[in-house]
Amino acid sequence: MDTYAVFGHPVAHSKSPFIHAAFARQTGQALLYTAIEAPREGFRDAVMQFRAQGGKGANVTVPFKEEAYRLAGVLSERARLAQAVNTLRFEGAEIYGDNTDGAGLVQDLTVNLGVQLDGSRILILGAGGAARGAIPALLAQGPMRLTIANRTPQRADELAREFGALGLVAASGFDALAPEYDLIVNATSASLAGDLPPLPDAVLAGAQFAYDMMYGAAETPLLALARKLGCPRRADGLGMLVEQAAEAFFLWRGVRPQTQPVLTALRQQLQQA
Ligand code: ATR
């Protein structure tokens, strides 16, 4: 049977084995998908060992996405732009690296949530790896403009410069933001620590949609604040998780699974946990 795995550290709580098992059942694909915790300094060895044992492909999560980018011999355009790889495919002597995170975000926003990105004004919070994966995919949807706000302003400036050829991209400090955005996407890791990015309330209150790439059993701090401030539509990143997985599944198997039943099942699991 073809085998796949997600590599992370930690990885025990990864939902990817559940998601891919559900996709495989649904599409009648015979495959086995496990979670492998690689030591912090042992990502490359763990992947090479998995491949030597016949592994066909892998997903990569925190903290190994940049290392996976360096490991891949052939990179997709979107992996090159993100400088991070979340999906590896082993074929013959070659290791292909791709990044499906941005596509997963866009699919969740546009298809699952019905958000129109074309012509919209988007504010993205954060300038780390998560933002880097998201920005090119969002720009490809033709927003009127995309603004990057980051706690460390230089990192936002750098990203704005780097992606400026793909669309109208600006960088801003949090303090200077005005309430002029249709969509706010939180790509910071602040929620992990139960924190909020220092976004002025008026900016969040004035948005049509607040999206947090994080998710959990409880509402994320940003989404709780958005609700309190009257931001009418809000979503966490569980849909993005399922959609990035569906895109990886498609790269490996050439079949697109239906994501909605898997998303519903995961949401129920989260609420029962
Ligand atoms: P990731 O790959 O998850 O994006 P990262 O590359 O370490 O991780 O980036 C984390 C992002 O979250 C950065 O934009 C970081 O801001 P800085 O560049 O100023 O460090 C942001 N971040 C993390 N904790 C934050 C907090 N408490 N408030 C605001 N921004 C935060």
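The C-alpha centres of domain 1 and domain 2 lie 25 Å apart. Domain 1 consists of residues 2-99 + 239-272 and domain 2 of residues 102-236, with bounds that come from an automatic or database domain assignment. The contact between them takes 18 residues from domain 1 and 20 residues from domain 2, where contact means heavy atoms within 4.5 Å.

The model is predicted: local features need pLDDT of at least 70 and side-chain atom pairs count only at pLDDT 80 or more, while totals for chains, interfaces and linings use all residues. Residues are numbered from 1 along each chain as its sequence is written, and side-chain values use heavy atoms, with hydrogens and water left out.

**Ligand site**

The ligand is surrounded by 15 residues, the closest being A127, N150, R151, T152 and R155; a residue counts as near if one of its heavy atoms lies within 4 Å. By class, this shell has five nonpolar, seven polar and three charged residues. In that scheme Ala, Val, Leu, Ile, Met, Phe, Trp, Tyr, Cys and Pro are nonpolar, Asp, Glu, Lys and Arg are charged, and the others, Gly among them, are polar.

| Residue | Part of the residue | Distance to a ligand oxygen |
|---|---|---|
| G129 | polar backbone atom | 3.0 Å |
| N150 | side-chain N or O atom | 2.7 Å |
| S189 | backbone N or O atom | 3.0 Å |

The protein covers 74% of the 640 Å² of accessible area that the ligand has on its own. Accessible areas come from the Shrake-Rupley method with a 1.4 Å probe; for residues, only the protein chains shown count as cover.

**Helix 6**

Helix 6 spans residues 129-139, and nine of its 11 residues are buried. Buried means under 20% relative accessible area, exposed over 50%, and partly exposed in between, with a 1.4 Å probe and protein chains only. Helices (H or I, at least four residues) and strands (E, at least two) are DSSP runs numbered from the N terminus. The buried residues of helix 6 are A131, R132, G133, A134, I135, P136, A137, L138 and L139. They pack against helix 4 (77-82), helix 5 (101-112), strand 7 (121-125), strand 8 (145-149), helix 7 (153-163) and strand 9 (169-172).

**D98 and N99**

D98 lies in strand 6 (residues 94-98), and N99 is found in the loop between strand 6 and helix 5. D98 counts as buried because its relative accessible area is 10%; N99 is likewise buried, at 4%. The side chain of D98 makes a polar contact of 2.8 Å with the side chain of R78. For N99, a polar side-chain atom lies 2.9 Å from the backbone oxygen of A84.

Leaving aside neighbours within four places in sequence, D98 is in contact with S76, R78, A79, V85, N86, T87 and L251. N99 and L75 are 24 residues apart in sequence and 8.9 Å apart in space, C-alpha to C-alpha.

L31 lies in strand 2 (residues 31-37) and is classed as buried because its relative accessibility is 12%. Not counting residues up to four places away in sequence, L31 touches M1, D2, Y4, H20, A24, F249 and R253.

Q116 is found in the loop between helix 5 and strand 7. Q116 is classed as exposed because its relative accessible area is 59%. The side chain of Q116 reaches the backbone oxygen of D118 at 3.5 Å.

**Backbone geometry**

Most residues other than glycine have a negative phi, and most peptide bonds are trans. The peptide bond from H9 to P10 is cis, with omega near 5 degrees; P10 lies in the loop between strand 1 (2-8) and helix 1 (16-27). A cis peptide bond also joins V62 and P63, with omega about 5 degrees, and P63 lies in the loop between strand 3 (57-60) and helix 3 (65-71).

Q83 is not a glycine, yet has a positive phi of about 50 degrees. Q83 lies in the loop between helix 4 and strand 5 (87-91) and is partly exposed, with a relative accessible area of 34%.

How values were computed:
Polar contact = N/O pair within 3.5 Å; in protein donor to acceptor, adjacent residues only side chain to side chain.
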